[in-house]
Amino acid sequence: MYNVSVSPHVREQSTTKAIMRDVVIALLPVLAFGVYHFGLDALMVIAISVVTCVLSELLFELIAKKPITIFDYSAVVTGLILAINLPSTVAWWIPVIGGVFAIIAVKMLFGGLGQNFMNPALAARCFLLISFASRMNDFSIDGVSSATPLAMIKAGESPDLLTLFLGYHGGCIGEVSALAILVGGLYLIIKKVISVRIPLTYILSTLVFVILINLISGNEITVNYIAGQLLSGGLLVGAFFMATDYVTSPITAKGQIIYGILLGLMTALFRMLGSSAEGVSYAIIIGNLLVPIIEKITIPKPFGCEKMTKGEKSNG
């Protein structure tokens, strides 16, 4: 006896709460190193960002008389991702403005989780970068201001690769330690929260396009230079924690590869030809906007369906 039922016939056992909880766990090494390296200032930024995001979502849902969704951890994840993209030295009101913008303007006004057209935390970071550029680019450590490794590389210097890998340098709270990011990313892959397609395609295509642009420009390319592009800035944290956002990334396998290549191209262009040394946030935001088009052209043909000819279409 066959048990006949309506589709879908294959159901995923994971819940939004479980997935978001895994993302929080994966972010713990990144957050822990950020607090260890930058001190209590980093912990304060993280706490303010998370609390602001959770309270913003709660208050919006209470005022709009919508179901309360703060217990699915999605607002917590937004707060954490926003925090790791901020310098530890920013004023307390920066993560407050960013958290309110992320939750209210980008997430809730478009229908809540699953309806937002771009990553809320990254949209908030771009908004803060445009609005408060000097504060968002102040990467002081112990009161001493210094350039980030990516800015040093753009200026022609060669930072120590071991320092880059471990994270003992200036930058945003969550982008400094490549080791911590890789540990968190590996956890997400092992738990099958994310596929390796987007991170791997994004990282490799960024490096390929960086090499091509330098070759076209006639610049010298060294192993240290390419390793520096990989280990510094927000490439790794963007590839594993932001480009893989379920809502704003393609669901098709081919679409994910195209998406990763597109992000790599834009990141390389922003880094090599732009005025700023970084370009990950803007690349992912623009990529988010193109996801509907990518999915439309990569939808697989349903099993058992034949492509209609022009004559068959005209005959009805």
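**Buried charges and a nonpolar surface patch**

Arg 271 counts as buried, its relative accessibility being 1%, where buried means under 20% relative accessible area, exposed over 50% and partly exposed in between, as found with a 1.4 Å probe and protein chains only. The model is a predicted one, in which local features need pLDDT of at least 70 and side-chain atom pairs count only at pLDDT 80 or more, whereas totals for chains, interfaces and linings use all residues. Residues are numbered from 1 along each chain as its sequence is written, and side-chain values use heavy atoms, with hydrogens and water left out.

Arg 271 forms a salt bridge with Glu 278, with 3.2 Å between the closest N and O atoms; a salt bridge is taken as a side-chain nitrogen of Lys or Arg within 4 Å of a carboxyl oxygen of Asp or Glu. Glu 278 is likewise buried, at a relative accessible area of 18%. By this rule the count of salt bridges comes to two. In the pair formed by Lys 107 and Glu 57, the side chains meet at 2.7 Å, N to O. This pair links distant parts of the chain, since Lys 107 belongs to helix α4 and Glu 57 to helix α2, 50 residues apart; helices (H or I, at least four residues) are DSSP runs, numbered from the N terminus. Lys 107 is buried with a relative accessible area of 2%, and Glu 57 is buried at 0%.

Asp 72, placed in the loop between α2 (40-63) and α3 (74-84), is buried yet has no salt bridge, and the nearest side chain of opposite charge, that of Lys 107, is 5.3 Å away. Lys and Arg count as positive and Asp and Glu as negative, while His and the chain ends are not counted.

Helix α14 (residues 280-298) provides the largest share of the nonpolar patch, six residues.

Methods. Helix = DSSP H or I, 4+ residues; strand = E, 2+ residues; numbered from the N terminus.
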